[in-house]
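Try each task before you read its solution.

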Amino acid sequence: MFKRILVANRGEIAVRIIRAARDLGIETVAVYHEVDRESPFVHHADFAYEIYSAQPKGAYLDINQLIDVAKKSGCQAVHPGYGFLSERAEFSFACEEKEIKFIGPHPHAIEVMGNKTKARELMSKAGVPIVPGTESPIQNVNDAMIIAREIGYPILLKASAGGGGKGMRKVFSDDEFLEGFESAQREALKAFGDDSVYIEKFIENPKHIEIQIIADEHGNYVHLGERDCSIQRRHQKVIEEAPSTVLTEEIRAQMGEVAINAAKACGYVNAGTVEFLLDKDKKFYFLEMNTRLQVEHPVTEAVTGIDLAKEQIRIAFGEKLSFTQDEIKWTGHSIECRIYAEDPFNGYLPDTGTIHYLREPGGKGVRLDSGIEQSSKVTIHFDPMLAKLITWGKDREEALQRMDRALQNYRIKGVKTIIPFLIAVIRHPVFRSGYFDTGFLENTFDFKILSKMKQEYEEIIASIAAYTYRKGIQDKSYRLSMQKQFVKKSKWKENWLIHRKYS
Amino acid sequence: MEEIIINVNGNDFTAQIPHDESDFIMLNGKPIDIRQLKQYGTNVFSFSVNNKLLLVELDIHETGTSYINADGFYHEIDITNDTKRLIQKYLRDSGLGVESTHAKIKAPMPGMIIKILVEEGAHVEKGDKLILIEAMKMENAISSPIKGKVIHVKAREGEAVEKDAFLIEIEAE
């Protein structure tokens, strides 16, 4: 086995990879930009090297620096995690060139699947069902509008090099086209450095079902079943689960087979995910293939008992898969909630700050993959996902009940998170029923429910406010400590001062 | 015993608070048993309110509004006592402190101004998009809270702004 590997990522996924490496007895090397000096992932590793860039994000995207660190620290392999360089063919290529094993697929597979146009062509040839749309990227807005009309509204504009919902716009009519197209182009250019956009038919309210596949270098391919990632806000996944509530064993087997064919068509090695849209008639269409470990991989791990990150490293070392398709058994149900630092009461805008209090959930059936700890700073430099909370139960009901409990026990102070929103979704009768689609948050979920949940507390909150006010009047040291805590403009402080002056 | 009015998210509660060491206060005429059981760090507390436990964070926003954060719900708090009520009455009677007919749009979070969608002098409806701001790789639109006329655009495209930075001013019409 490898002696030492480089973790070319940060946050919770870096921690995840370090844990897997440790389980295999492998030493790990972390890299960090100055702003991450105190981040937990750095301190989980055996060795840490600083990498440099004017923009913090840039450091984790700098292939030369990463290869340099891998070489000088004596690493035999590199794990790219997700995001950053994980789906850049040139990184996989640069590693191969410097004789460092890339823990992931070969450059060719990343390149083909990373280009949506090429991917569609290849999938079409391999007999994988695809959504009707353009075969080549469009840059001219007039051409694009003509094509949009031909396909028929509603249509979806997508960045050619995209992922994660960036550079993606839904358009329902000619009137909205120009704004949507320009906006998609801008976001695509910002996020991926490529403003070409392609157009496809928008399938209304499908389920987002993806199949986890894994392949070794000896030609063995296995699928590990599906994940249902239909709970999305602005095309960002929020809650994922396995298995899906709507898949029959027959469709699961069919989708698994198609996913394996997709992987074989590009000579895929290592763990990957084939994403599909499943429409109301249970017809499925290829969406894209993610040539990396997914954020939501833990739900598959929970129901199959397979450690995907560990398996990835073993495969990269040249070992055979430790299981066959027939040996895969799915047990129970697993749910994942993504804990984003976003404010549900302010349009889900990202929030920043210092975590000054943290209490993490635990107990039976609860797993937390987290990138934060007490006193961590949440900045604008990186993605606002702080952690992933995963529960397992013998059935969906038990998994949901544990999720409800774990979310309630998860206390983060200092930065706003979507935890209240997640609790509301977990308790929603339609989500609970399992009959929901990607339109759930947009069409079914009533965001006002959060205000109602908030109101339930108001009497208790008023009592606490009254108590604190009284304590502030009575106890000078308490008052001083609160005044020190609060900034100068505090209305409470004014109140206390006014009171003192007149009483 | 002192009577104060506590406004939580716009709803008034009347509280009678004894100036002694007892664990009771009266809220809207009902007795409440309230105890602070534990303190974590400087401003996180575990309270028992009629034996119901709640972990709260006492917090103040940069705009000067007080908050109590309970399980991720941020409650806006304002406390009024007799003295303050007198001052407010004076302000109201003298015509000061009247609600402004201006809307000053501020940056809700730190980010980059990508596009300004309105010009000075433009008429906007409530809900019209004014500015696109990018934070954490996502574009977010800021909409007008009122119907009115754009009287000042301070933000510049391509500019990085801090949270609460003044962006656009709108006069109601």
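**Exercise 1.** In which sense do strand E12 (residues 270-278) of chain A and E13(A) pair, and over how many bridges?

*Solution.* Keep in mind that this is a predicted model. Step one: find E12, residues 270-278 of chain A. Step two: follow its pairing with E13(A), which is antiparallel and runs over six bridges. Step three: pick out one pair. A:Val274 has A:Met289, in E13(A), as its bridge partner. Step four: look at the hairpin of the two strands. Five residues lie between E12(A) and E13(A), and A:Lys282 takes a positive phi near 65°.

**Exercise 2.** Explain why strand E13 of chain A is largely enclosed by the rest of the structure.

*Solution.* Step one: locate the strand at residues 284-290. Step two: apply the cut-off. A buried residue has 20 or more other C-beta atoms within 10 Å of its own. Step three: conclude. Five of the seven residues of E13(A) are buried, so the strand is largely enclosed.

**Exercise 3.** Describe chain B, then find stretches where pLDDT stays under 50.

*Solution.* Step one: take the elements. Chain B has one helix and 16 strands. Step two: take burial. Of its 173 residues, 30% count as buried. Step three: take confidence. The average pLDDT of chain B is 82, and 84% of the residues score at least 70. In chain B, pLDDT stays under 50 over residues 60-64, where the model has 10 contacts beyond four places in sequence. It also stays under 50 over residues 95-99 of chain B, with three such contacts.

Key:
Residues are numbered from 1 along each chain as its sequence is written. Chains are lettered from A and ligands numbered from 1 in the order in which they are written. This is a predicted model: local features need pLDDT of at least 70, side-chain atom pairs count only at pLDDT 80 or more; totals for chains, interfaces and linings use all residues. Helices (H or I, at least four residues) and strands (E, at least two) are DSSP runs, numbered from the N terminus. A residue is buried if 20 or more other C-beta atoms lie within 10 Å of its own, exposed if 12 or fewer, and partly exposed in between; C-beta atoms are placed from the backbone. Two strands pair if DSSP finds at least two bridges between them. pLDDT is the predictor's confidence in each residue, from 0 to 100. Two residues are in contact if their C-beta atoms, placed from the backbone, lie within 7 Å.
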